Amino acid sequence: MKRIFEITMVLLFMAISFGLMACGPDNDPAPPGSGAIPPVPDNPDSEPGYGRYLVVYYSRSGNTRSVATEICKQVNGTLLEIETSSPYPSDYNEVLSIAQQEIRTIDNEGIYPSVDTVVENFDDYDRIFICTPLWYSRMATPMQSFLHAHARKLDNKNLSLVVTSASSGISSVIEDAHRLCPEAIYSGEALWIRDALINTAHDILAKWLETLGIIGAPDNPGNGDNNDNNETMNRNITVKIGETSFSATLEDNQTARVFSAMLPVTLNMDELNGNEKYYYLPENLPANTFRPGTIHIGDLLLYGSNCIVLFYETFTSSYSYTSLGKIDNPDGLAVALGKHNVMVTFEKSNQSQ
């Protein structure tokens, strides 16, 4: 009888312990910028035209990143940046020489430059957008490397191709895609966005997405959310940190409009993770979240519906944010913000848009 009593008490203690563990702090929502990886959210088919989308891009100049980010916002997708194992030099002419050599090596020897970005599987996504610049009339070699490494995993997956370039046509890039992933399903026509049209990419992409049967995220219709307010917004603001000022540009969306109406405002921003400052507003802002994949220094984002976050480091993140704007030139931003809580003033600039 004593032995049975001891076993019963042990089992009771274990049950209580597991119950306490289930209610512990691990179940609390993760703060902005934390390293926890949330699961891919369910996306029921109750809304026609909506789905789960992955936007994969490589960008050196930033043009392709701008286009990929805009796609991600419009479809409420996940953004993934291709990162090379060895960074390219900053000198443009050196990059041109390396790109030529890499293309020759791919064509003649079947050897691709190394990239660090790996996707275990693509089953969580209904469509994958491939966004790449054009190098010497060909697909940029880092994107070729990524597609070559993931070709089998992309069999029977829906791919949509977007190419940015200064002037050259994209027929050879399309051929590269079909050569690298011959068993993928290429949905719709590939989209070519010339560098001169990057600033008008929002409308170009919205119309293209409609041809694919994608009408955009539920809270961000394909034609944007500017229809709620036809007044021209001055998107130029100044961010003051102590004696240092930075110019910044707000996004042209409803979230930024509401934030702009609050300015000027001074926030006592808290430090977090050695890469960001954040402040919880007393009122909610309209949110239109997307997963940026890579956070860039100078990004001004909204976490949830009321947390303003200013990032001063570049790093990868699996969390979702709403884009508010970006510091135009973030040089010196990390030094100005420091490693502790800091007062930051956001105010409208006098210059016109």
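This is a predicted model: local features need pLDDT of at least 70, side-chain atom pairs count only at pLDDT 80 or more; totals for chains, interfaces and linings use all residues.
**Cavity**

Residues are numbered from 1 along each chain as its sequence is written, and side-chain values use heavy atoms, with hydrogens and water left out.

I counted one cavity of 30 Å³ or more, a cavity being a set of points on a 1 Å grid over the protein atoms alone where a 1.4 Å probe fits but cannot get out. The largest cavity holds about 50 Å³ of space, a volume being the space filled by probe spheres set on the points, which are joined across faces, edges and corners. Its lining residues (an atom within 4 Å of a point) include Ile-130, Met-139, Ser-160 and Tyr-186. Strand S5 (residues 158–165) gives the most to this lining, with three residues; strands (E, at least two residues) and helices (H or I, at least four) are DSSP runs numbered from the N terminus.

**Cores**

Next I checked the largest nonpolar core, which has 33 residues; Val-56, Ile-128, Met-139 and Phe-146 are among those with the most contacts inside it. Such a core is a set of buried Ala, Val, Leu, Ile, Met, Phe, Trp, Tyr and Cys residues joined through side-chain atoms within 4.5 Å, and buried means under 20% relative accessible area (1.4 Å probe, protein chains only). Strand S3 (127–135) is one of the elements that give two or more residues to this core, and S3 gives the most, with four.

I then followed Ile-128: leaving out residues up to four places away in sequence, Ile-128 touches Leu-54, Val-56 and Phe-122, among others. Contact means heavy atoms within 4.5 Å. A second, separate core of 26 residues includes Ile-237 and Leu-302.

**Helix H2**

I finished with H2 (residues 63–75), whose 13 residues reach 19 Å from first C-alpha to last, close to the 18 Å expected at 1.5 Å a residue, taken as 1.5 Å times one less than the number of residues. Ten of those 13 residues are buried, so H2 is largely enclosed by the rest of the structure. Glu-70 and Lys-73 are among the buried ones. Just after H2, Asn-76 takes a positive phi of about 55°.

Key. On a 1 Å grid over the protein atoms alone, a cavity is a set of points where a 1.4 Å probe fits but cannot get out, and a pocket is an open set with protein on both sides within 12 Å along at least five of seven lines; lining residues have an atom within 4 Å of a point. Buried means under 20% relative accessible area, exposed over 50%, partly exposed in between (1.4 Å probe, protein chains only).
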